[in-house]
Amino acid sequence: MAQNDSNTKDMILSLNSIEVLYDSVLLAIKGVSVEVPRGGMVALLGSNGAGKSTTLKAISGLLKAERGKVSRGEIKFDGKLIGDILPQDRVALGICHVIEGRRVFDHLTPDENLEAAAPISMSRAKIKSEKERMYEYFPRLAERKSAQSGYLSGGEQQMLAIGRALMTQPRLLMLDEPSLGLAPFLVAEIFGIIQRINKEQGLSVLLVEQNAVAALEIVSHGYLIENGRVVMHDTAGALKENSDIQEFYLGGGEGKNFHEIKHYSRRKRWLS
Amino acid sequence: MDWIFLSELTVNGALTGLLYSLVAIGLVLIYKSSAVPNLAQGALTMTGAYVVLAFSHNLGWPLWVAIPLAAVIMFLLGMGIERVALRRLAGRPIVMILMMTMGIDIFLRGTTLAIWGGSSRSVNLGVSYDPFFLGDMLLSRIHIVGAAVAIALFVGFLLFFRTRLGIRLRAISDDYLASWSIGISVERGVGLSWGLASVVAVATGVIWGEVQGVDQSLSVLLLKGLTVAVLGGLDSIVGAIVAGIILGILESVGADFLDPFVGGGSRDLIVAAVLILTVMIRPHGLFGRHDIERV
Ligand SMILES: Nc1ncnc2c1ncn2[C@@H]1O[C@H](COP(=O)(O)OP(=O)(O)OP(=O)(O)O)[C@@H](O)[C@H]1O
Ligand SMILES: [Mg+2]
C-alpha cells in the first residue's frame, strides 16, 4: 500500500506542509506532511522536542490554548479543511487527541471522567452502554470506577485517558506517547486494545511514540520527525529494518541525534 | 461564664457566618471553573439587590416576581461580563485577571451609585423582626432565613455538580487542556459559572439587603466572603459552608471576649487574623485541593 499514490479520498487525515508558530516567533514545525489512511494506523516517531506533540496539537486545535498557530499549510480531515474550526467542534467531527502525560481529571472518578467526555447529544442509555464498552476494554478501570482518578496507577490513568477519548466517538484517535513510563506488559496490553478497536471498529489511529519498537509492531506506516521536519517516511516493516532506526532505538547511538548520523541525512526525504 | 449567653453568641455567630458563606459560594463557583478569585463578587451582590429593588420598589412588582426576574437578568449580566471582559484574558497572568475583576467591581459600584444614589433602601422581605426564642436563646429571624438559603444553595450545588453539566464544570476546574481535548467548551463552562455566581449574588443581596439595608456598603461583603472562601479552600463549596460557620462563631464569640480589652472593633481584627493566618499556615484552606500559590 503505497501512501504516496495520493488517493486523498482514502485518507481520513492529511497534513500538507504545515508550519506551526508559538508566540508568533518560535517556528516549531517547519513544513510537515503526514497522511493517515481511513481505518489505518500510523506512527509519528522522533526524539524529544522534535515536534511530534505540536503536530498533534495542530490537528486537534489545542495549539490555541498554548498561543500556537498554524501559520502555513493545510489540514484536511475527511476531505474537509479544518484549520479554522474550534477544538471542541473538531472533537464533534470525530478527532480526539489523548494529550501527553495522561491528564485524567484527578478529582473526578473514572466513571465521571468517562461521562464528562460523552457528547452532549448522547442519550443516557447510550452513555451507559458506551461506559460498559470502555470497562470491557479496560477491566481494571471497572474495578476502580468510583475511586478518585488522581490515585489510579499510571497504567490505569493511561487506560482512562484513552477510554475517555473513545467516549467522544472519534473516527481518528491521536495518542501522544501512551507508553511513557509504563511497564512493557502494560504497553502491550494498551497497544493490544488499540489494535483491536482499530480492527473491530475501523478506528483510524495516529500514534506518537518515542518507543519505536513497540509502535512499529502495530502500525502500518511510520513518519520520523526531527527538528520540526519529516525526515523519513516508510512502511513499518521497512522502518524496522532500517539500520539508523535500529541504531538509535537500540541504544547504539551513544546520544547521537538522527541528523548527526551521516548516511541518514543522504536518504532523508523532504516531504515538504 | 454565662452558658446561655455563650451558646446564643455561638448560634448567632454561626448564622451570620452562613450569611458570609453566601458570598463565598459565589466566589467558589467562579474560582472552581477558572481559578480566578472574583474581586467583583461583593459588587455583584449589591447590584443583585439593586436590580431586585428596581422591580419591587420602582415598578412596584411583588417580590416573588422581582427576585426571579432579577436572577435571570443577573445571570445574563454574569455571562456577559465573562464574555466581554474575561474571555479575552484567558491565559494571561493572573494579576491581569485580578485587576480586571477589580475594575468590574469599581465599575459596578460607580454605576449603581449613579443610578440609585447613596441613600440606604430596605428590601422589605416581610420577615418579622419579632424576637425568636430557641429555648432560652434569642435569635434573629432574618438570619435564620439567610442561613437556610445558604444551606439550600449548598445542597443544590452539591446535587448540581453530580449532573452531567456539573461533572463537565468540575472537569474544567480540574484540567482546561484535557477538557478541550474531549470537546468540552471551556469558555461556555466558565461563562456558566459566572452566570450562576451572579444568581447566587441576587440571593445574597436580598438577604444582606434585608439585614443591613441596600447601599454601597453591601459591596464590602467581598472581604468577609473572600476570607471565608480562602479559609474553606477557594474551590470547595463544602469549605465555603464550614468556613463560614467557623468564621462567624470566631467573630461573634471572639469579639465578645476581646472587645472589653481593646475597646470595641475587634470583629474586623478577627477576620483579618483568620485571613492572614490561613494564607500563612494553610494556603489551600481547610478543604482546598490545590495549593493556591498560582493566585
Ligand atoms: N507551548 C509552547 N510554547 C513555545 N514553544 C513550544 C511550546 N510547546 C513546544 N514548544 C517547542 O516546540 C518544539 C517541539 O515541541 P514538541 O512538544 O512538539 O516536541 P515533541 O516531539 O512532542 O517532544 P517530546 O518527545 O519531548 O514530547 C520544541 O522545541 C519545544 O520547545
Ligand atoms: Mg511531546
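Reader: Does A:Ser53 count as buried or exposed?
Author: The structure shown is a predicted model, and the values are computed from it. The relative accessibility of A:Ser53 is 13%. The cut-off for a buried residue is under 20%. A:Ser53 therefore counts as buried.

Reader: Which residues of chain A coordinate the magnesium ion, ligand 2?
Author: The coordinating atoms are OG of one residue and OE of another, at 1.9 to 2.5 Å. The pair links distant parts of the chain, 47 residues apart: one partner is in helix 1 of chain A, and the other is in the loop between strand 6 (95-98) and helix 3 (110-117) of chain A. The two residues that coordinate the magnesium ion are A:Ser53 and A:Glu100.

Reader: Is A:Glu100 buried, partly exposed or exposed?
Author: A:Glu100 has a relative accessible area of 37%. Buried means under 20% and exposed means over 50%, with partly exposed in between. A:Glu100 is therefore partly exposed.

Reader: With which side chain does the side chain of A:Asp176 make a polar contact at 2.7 Å?
Author: A:Asp176 lies in strand 7 of chain A, residues 172-176, and counts as buried at 3% relative accessibility. Leaving aside residues up to four places away in sequence, A:Asp176 touches several residues, including A:Leu56, A:His97, A:Glu100 and A:Val208. The polar contact at 2.7 Å is with the side chain of A:Ser53.

Reader: How far apart in space are A:Asp176 and A:Arg102, C-alpha to C-alpha?
Author: In sequence, A:Asp176 and A:Arg102 are 74 residues apart. In space, their C-alpha to C-alpha distance is 8.9 Å.

Reader: What is the distance between an oxygen atom of ligand 1 and an N or O atom in the side chain of A:Thr54?
Author: Among the residues that come nearest to ligand 1 are A:Asn48, A:Lys52 and A:Thr54. Polar side-chain atoms also lie by oxygen atoms of ligand 1 in A:Ser53, at 2.6 Å, and in A:Glu177, at 2.9 Å. For A:Thr54, the distance is 2.4 Å.

Reader: What share of the area that ligand 1 exposes when taken alone does the protein bury?
Author: Taken alone, ligand 1 exposes 630 Å². Of that area, the protein buries 70%.

Reader: Which element gives the most residues to the shell around ligand 1?
Author: By class, the shell holds four nonpolar, seven polar and four charged residues. Two elements of chain A give two or more residues to the shell: strand 2 (26-37) and helix 1 (52-60). The element that gives the most, with three residues, is helix 1 of chain A.

Reader: Among contacts in chain A between residues at least 6 apart in sequence, what percentage join residues at least 24 apart?
Author: Chain A has 11 helices and 10 strands, and buried residues make up 55% of its 272 residues. Among contacts between residues at least 6 apart in sequence, the share that join residues at least 24 apart is 70%.

Reader: Turning to chain B, which residues does B:Thr227 touch, not counting those up to four places away in sequence?
Author: B:Thr227 is found in helix 9 of chain B, residues 221-232. With a relative accessible area of 1%, B:Thr227 is buried. The residues that B:Thr227 touches, with those up to four places away in sequence not counted, are B:Leu247, B:Val271, B:Val274 and B:Leu275.

Note on methods. Residues numbered from 1 in each chain as written. Chains lettered and ligands numbered in written order. Predicted model: local features only at pLDDT ≥ 70, side-chain atom pairs only at ≥ 80, totals over all residues. Heavy atoms only, no water. Near = heavy atom within 4 Å. Polar contact = N/O pair within 3.5 Å; in protein donor to acceptor, adjacent residues only side chain to side chain. Areas by Shrake-Rupley, 256 points an atom, 1.4 Å probe, with all protein chains shown as cover. Helix = DSSP H or I, 4+ residues; strand = E, 2+ residues; numbered from the N terminus. Nonpolar A, V, L, I, M, F, W, Y, C, P; charged D, E, K, R; others polar. Buried < 20%, exposed > 50% of the residue type's maximum accessible area, 1.4 Å probe, protein only. Contact = heavy atoms within 4.5 Å. Donors = N, O, S within 2.8 Å, 3.2 Å for Na, K, Ca; no water.
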